[in-house]
Amino acid sequence: MAGGQERILRGRIRSMQATKKITRAMELIAASRIVKAQQRVHAAVPYSEKITEVVRDLAAAGASGDSPLLTGRGEIRTTCYVVITADRGLCGGYNAGVQRAAEGEVKADVLAGKDYAVIPVGRKAESYFRFRGYKLGQPFAGFSGNPTYEDAKRVGQHVIELYASGEVDRVELVYTRFISVGSQEVVLRPLVPLTAETVAGGDGKAGTDDAPAGDYEFEPDPTAILETLLPRYVEARLYAALLNAAASEHAFRQRAMKSATDNADELIKNLSITMNRARQDSITTEIMEIVSGAEALGSGKKKNVQIIDLEPIGNGDQQ
C-alpha cells in the first residue's frame, strides 16, 4: 500500500516539475517582452500628444465642418464599446478586469433603456461576450501581443464607419492602461465624437491644458486640415490604447507565471515531504515484518525440540 502511494506521489512530483519548467519559461518570455512593449508605449506618446495638440489648436482657431466625427448626437441611443483584451489566457486577471468593466457599462445601458454594441478586440473578449449572448459587432483578433499601426487603422476605420452611418451614437474604449511594470489600470475612455473633453484626454502626459497655446498660421484653412486629421487622430488614439493593452498583458502574464512557478515550488516541496514520509513508513513496515518473521521462526524452533532419554549402554552387557 505504501509503495503504491510512493509511486503516485513520485509521478505527481515529476508532473509538477514539468509544469514549473513551462511556467518559468513563460515568465522569462513575458519579462523580456515587457521591455520592448514599454519602449513602444513611450515612443508613441510624442505622436499622440502632438496630434492631440494640433487638433485642439485647430478647434481653438475656429475650425468647424460637417465631419460626422465632430457633430455629436443630441440623444445617445446606441453606444459602441471597443473592448481590448488578449488573444490568449494565462495572464491572471487581465482579461477579467476589462470584461467586467465593459459588462457593467452594457448592463447600465440596458437598464436605462439604451441600445449597445460590443466590438471585441482580442479572442478572449469575443468568446466571453459571445458565450453570454451580447450583441457583437465585427471582431478583431490575432495581434494583442504585438499590435501595429495597420491593426489600429483597421479598427479605427470600422469604428468611424459605424458612427458616420448612424448605427451608433457614441464610441468608447475599454482597455488596460499601462502605468508601470507593477501598476496597470482599467480605463473607460470616449473616442467618438471628438468633443473638447475627448480631445483633452490621452495616454500621454496630463495637465497640458494649462500650457500657453501657440499662435499658428494654417494653410490651407483650419477646417480642411481638421477634417484630414480627424481620422488620423482616431487611429492614433486606438494605436496608443492597443500598445498600452499589450504592455499590460505582458506585465500581468509575468506576474501570473511567477506566482504559478512559486506555487509549483511549494507544491513540489510538500509532495516530497509526503513521499519521504510514505517511504519511511514503507521501510519501517518492512523492518517490522522481517523482525516479526524472525521472532516467529525462533519461537517455532524452540517448541519443536524433543528430548530423547536413551538407556545406558552398559545394562545390556550385564545380562
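Student: How many disulfides does the count come to here?

Tutor: The count is 0 disulfides, where a disulfide is a pair of cysteine sulfur atoms within 2.5 Å. A word on the source: this is a predicted model, in which local features need pLDDT of at least 70, side-chain atom pairs count only at pLDDT 80 or more, and totals for chains, interfaces and linings use all residues. Residues are numbered from 1 along each chain as its sequence is written, and side-chain values use heavy atoms, with hydrogens and water left out.

Student: What makes the rings of Tyr116 and Tyr134 a pair, and of which kind?

Tutor: Rings of Phe, Tyr and Trp (its six-membered ring) pair if their centres lie within 6.5 Å; planes under 30 degrees apart are stacked, over 60 edge-to-face, and the rest tilted. With centres 6.2 Å apart and planes at 70 degrees, Tyr116 and Tyr134 are therefore an edge-to-face pair. By this rule there are 5 aromatic pairs.

Student: Which parts does that pair tie together?

Tutor: Tyr116 lies in strand E2 (residues 115-121), while Tyr134 is in the loop between helix H3 (123-131) and helix H4 (149-164), so the pair joins parts 18 residues apart in sequence. Helices (H or I, at least four residues) and strands (E, at least two) are DSSP runs, numbered from the N terminus. Tyr116 and Tyr134 are both buried.

Student: And what kind of pair do Tyr128 and Phe129 form?

Tutor: Their ring centres are 5.2 Å apart and their planes stand at 85 degrees, so Tyr128 and Phe129 are edge-to-face. Both residues are buried. Tyr116, Tyr128, Phe129 and Tyr134 form one aromatic cluster.

Student: Which charged residue lies over the face of Tyr116?

Tutor: That is Lys135, at 5.7 Å from the ring centre. A charge sits over a ring if NZ of Lys or CZ of Arg is within 6 Å of the ring centre and within 35 degrees of the ring normal. Elsewhere, the charged end of Arg255 sits over the ring of Phe252, 4.7 Å from its centre.

Student: How do you know that E1 and E2 pair, and in which sense?

Tutor: Two strands pair if DSSP finds at least two bridges between them. Strand E1 (residues 78-84) and E2 have 7 bridges, in the parallel sense. Val82 stands opposite Ile119 in E2. Of the 7 residues in E2, 6 are buried.

Student: What do E1, H2 and E2 make?

Tutor: They make a right-handed β-α-β unit. A crossover is right-handed if, with the strands pointing away from the viewer, the path from the first strand over the helix to the second runs clockwise.

Student: What span does helix H2 reach, and what is expected?

Tutor: The expected span is 1.5 Å times one less than the number of residues. H2 (residues 94-111) has 18 residues and reaches 27 Å from its first C-alpha to its last, close to the expected 26 Å. Its buried residues include Val98, Ala102 and Val106. Just after H2, Gly113 takes a positive phi of about 80 degrees.

Definitions and conventions: Buried means under 20% relative accessible area, exposed over 50%, partly exposed in between (1.4 Å probe, protein chains only).
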